[in-house]
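I opened the notebook to write down what I looked up, one topic per entry. The sequence and the structure come first.

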Amino acid sequence: MAMVAIAAMLGLGGCRVARAGTSCRTSDWGRDATHLLQCRKGRWVRVMTLAQAAHAIAEVKSARAA
């Protein structure tokens, strides 16, 4: 349930659900249960945890508000 809340907060609901290491051919972002994924050289690669992404987005929003 917490992952759904984090994904909704991050707007990651639009990310493709994928598995790290599997093949891909897209410029879209992906996610698995715990990580944000990016397609690099034809494979999904874990970029950061969803918690790290939430923290980064919160920092950007805070900087924009200041």
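Entry 1, salt bridges. I counted a salt bridge when a side-chain nitrogen of Lys or Arg lies within 4 Å of a carboxyl oxygen of Asp or Glu. The model is predicted, so I kept in mind that side-chain atom pairs count only at pLDDT 80 or more. I searched the whole structure and got 2 salt bridges.

I looked up the pair of Asp28 and Arg16, whose side chains meet at 3.1 Å, N to O. This pair links distant parts of the chain, since Asp28 sits in the loop between S1 and S2 and Arg16 in strand S1, 12 residues apart. I then checked how open each partner is. Asp28 has 37% relative accessibility and counts as partly exposed. Arg16 also falls in the partly exposed range, at 43%.

I went on to the pair of Asp32 and Arg46, where the N to O distance is 3.1 Å. Asp32 is in the loop between S2 and S3 and Arg46 is in strand S4, so the bridge spans 14 residues and links distant parts of the chain. Is Asp32 buried or exposed? Asp32 has a relative accessible area of 12%, and buried means under 20%, so I noted Asp32 as buried. Arg46, at 45%, is partly exposed.

Entry 2, the sheet. I traced 4 strands in an open sheet, in the order S1-S2-S3-S4, with mixed pairing. S1 and S4 are the edge strands, each pairing on one side only. I found S1 and S2 running parallel, joined by 2 bridges. Arg16, already noted for its salt bridge with Asp28, has Gly30 as its bridge partner in S2. Helix H2, residues 50–65, packs on the sheet and touches S3 and S4, and its direction makes about 60° with that of S4.

I then followed S3 into S4. Strand S4 covers residues 43–49 and pairs with S3 in the antiparallel sense over 6 bridges. Which residue of S4 is the bridge partner of Leu37? I found Arg46, the residue that also meets Asp32 in a salt bridge. The hairpin of S3 and S4 has 2 residues between the strands, and Lys41 takes a positive phi near 50° there.

How many disulfides does a search of the whole structure find? I got 1. The bond joins Cys24 to Cys39, with S to S at 2.1 Å. Cys24 lies in the loop between strand S1 (16–17) and strand S2 (29–31), while Cys39 lies in strand S3 (residues 35–40), 15 residues apart. The torsion about the S-S bond is about 100°, so I wrote the disulfide down as right-handed.

I checked the burial of the cysteines. Cys24 is buried at 7% relative accessible area, and Cys39 is buried at 16%. I also looked up Cys15, which is buried at 13%.

Conventions:
Residues numbered from 1 in each chain as written. Predicted model: local features only at pLDDT ≥ 70, side-chain atom pairs only at ≥ 80, totals over all residues. Heavy atoms only, no water. Disulfide = S-S within 2.5 Å. Buried < 20%, exposed > 50% of the residue type's maximum accessible area, 1.4 Å probe, protein only. Pairing = 2+ DSSP bridges. Contact = heavy atoms within 4.5 Å. Axes fitted to C-alpha atoms, helices over the stretch in contact; angles between N-to-C directions.
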